[in-house]
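Thanks for passing this one along. Below are my reading notes, in numbered points, to follow with the model open beside you.

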Amino acid sequence: MKEVRLMNGVVMPAIGFGVYQIPKEDTKRCVLDALEVGYRSIDTAAAYFNEREVGEAIRESGLPRESVFVTTKLWVQDYEYDDALRAVEKSLSELGLDTVDLVLLHKPYGNYYAAWRALERFYKEGRIRAIGVTSFSDERLQDLFLHNEEVKPAVNQIETHPFRQQQKSNEFLKAEGIVHETWSPFAEGQKGIFTNPVLVRIAQAHGKSVAAVILRWLNQRGVVVIPKSVRRERMAENLNILDYTLSPEEMGAIATLNEEKSPIYDENDLATVRGIGLHKIHD
Ligand code: NAP
């Protein structure tokens with residue numbers, strides 16, 4: 001799967017480049033490297049504080065604007081309607097773009113109904129080509145689109161990797177025509193993912209890296225991936241995953257690694273939800 005077609009017909013690359021936790025001063029260089037290596041989709045967010053550098057890299061690359069798919073995200077602090085309008089304008093201005101390809105509600109907290117209506121307005125004006133959400137549980141997502149009949153979310157970006165496979169959500173999203181995109185495909189490197197014996201065995205059988213096996217497994221499940229790396233050789237390794245296929249046995253072996261629990265954060269922990277929900281990214 002090289003690309004996916006969103007429910008409104010917009011085409012999105014199936015492999016993109018994520019810039020979370022890339023320091024502001026390194027972002028331009030990393031995005032330029034990623035574009036040179038061949039990525040045509042970049043995932044940023046207002047809360048990553050590097051939208052400006054992403055925009056600069058795209059312009060400096062000399063690539064036609066329409067050949068690069070740009071995603072950004074609206075933070076919870078800006079979910080009231082007027083705040084959301086202002087915050088999206090700010091993201092567009094930071095990116096230096098007239099239109100952005102995809103804007104996601106970053107977390108399922110606060111007044112996300114008002115925020116959604118603000119995204120719908122930009123969408124109808126043609127300034128955002130597609131709108132979606134991230135980290136929404138199936139229940140919250142269904143509730144959101146049942147009560148907002150105008151524009152249905154086109155994407156849900158959720159933590160998905162071998163230790164948290166999200167099969168139930170994958171089926172729900174497919175049934176609803178919503179694209180399943182993953183964040184942290186390598187579980188941020190936690191739980192020894194790169195030396196996991198099952199993944200190492202499969203990687204050796206194909207002469208590939210564990211990272212390439214994880215991304216191919218996600219790709220074969222129809223999941224859009226946005227791995228992050230600050231190293232050019234890894235960027236290339238993470239992009240070049242479509243030249244081989246994992247067998248049903250190999251897909252089955254990876255399925256056994258599932259614990260369906262996040263090694264990154266517990267979204268049912270009240271202190272965590274409070275901390276994220278009240279996190280401020282500006283005055
Ligand atoms: P990730 O992609 O799961 O893992 C990144 C880690 O893996 C980094 O330590 C990186 O190190 C390492 N790595 C990358 N490629 C590798 C390779 N080929 N071999 C070995 N190690 C490799 O983590 P992530 O950045 O959290 O997630 C990816 C993207 O998802 C983010 O950048 C962001 O765009 C998005 N995201 C969204 C949310 C959300 O709330 N929606 C949350 C988290 C992330 P080096 O950089 O040193 O190579």
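Predicted model: local features only at pLDDT ≥ 70, side-chain atom pairs only at ≥ 80, totals over all residues.

1. Seven strands make an open sheet, ordered β3-β4-β5-β6-β7-β8-β9, with parallel pairing. At its edges are β3 (17-18) and β9 (179-183), each of which pairs on one side only.

2. Strand β5 runs parallel to β6 (residues 100-105), and 4 bridges join the two; here Lys73 stands opposite Leu104 of β6. Strand β4 (residues 41-43) also pairs with β5 in the parallel sense, over 3 bridges. In that pairing, Asp43 is the residue opposite Thr71 of β5.

3. How many of the residues of β5 are buried? The count is 6 of 6, so to speak a mostly covered strand by definition of burial as under 20% relative accessible area. In a regular strand, side chains alternate between the two faces of the sheet. For β5 both faces are covered: Phe69, Thr71 and Lys73 are buried on one side, and Val70, Thr72 and Leu74 on the other.

4. Now the nonpolar cores. The largest one holds 83 residues, and those with the most contacts inside it are Phe17, Leu74, Leu105 and Leu119. Helix α8 (residues 210-220) gives the most to this core, contributing 8 residues. There is also a second, separate core of 12 residues, with Leu6, Val10, Val155 and Val224 among them. In soluble globular proteins, nonpolar side chains tend to be buried together.

5. Setting aside residues up to four places away in sequence, Leu119 touches Leu74, Val88, Val103, Leu105, Ile128, Ile131 and Gly132.

6. On to the ligand, which has 27 residues around it; the closest are Asp43, Gln157, Ser184, Ser229 and Arg234. A polar side-chain atom of Gln157 is 2.8 Å from a ligand nitrogen, and an N or O atom in the side chain of Thr134 is 3.0 Å from a nitrogen atom of the ligand. Lys228 has a polar side-chain atom 2.8 Å from a ligand oxygen. Taken alone, the ligand exposes 900 Å², and the protein buries 89% of that.

7. Gln165 sits in the loop between β8 (155-159) and α6 (167-176). Why does Gln165 count as buried? Because its relative accessibility is 6%, and the cut-off for buried is under 20%. Polar atoms of the Gln165 side chain lie 2.9 Å from the backbone oxygen of Pro162 and 2.8 Å from the backbone oxygen of Ile254. Beyond four places in sequence, the contacts of Gln165 include Trp217, Arg221, Ile254 and Asn258.

8. Last, Ala84 in helix α3 (residues 81-95). Ala84 counts as buried because its relative accessible area is 0%. Leaving aside neighbours within four places in sequence, Ala84 is in contact with Leu74, Asp78, Ala115, Ala118 and Phe122. From Ala84 to Pro108 the C-alpha distance is 15 Å, with the two residues 24 apart in sequence.

Conventions: Residues numbered from 1 in each chain as written. Heavy atoms only, no water. Core = buried A, V, L, I, M, F, W, Y, C linked by side-chain atoms within 4.5 Å. Buried < 20%, exposed > 50% of the residue type's maximum accessible area, 1.4 Å probe, protein only. Contact = heavy atoms within 4.5 Å. Near = heavy atom within 4 Å. Polar contact = N/O pair within 3.5 Å; in protein donor to acceptor, adjacent residues only side chain to side chain. Areas by Shrake-Rupley, 256 points an atom, 1.4 Å probe, with all protein chains shown as cover. Pairing = 2+ DSSP bridges.
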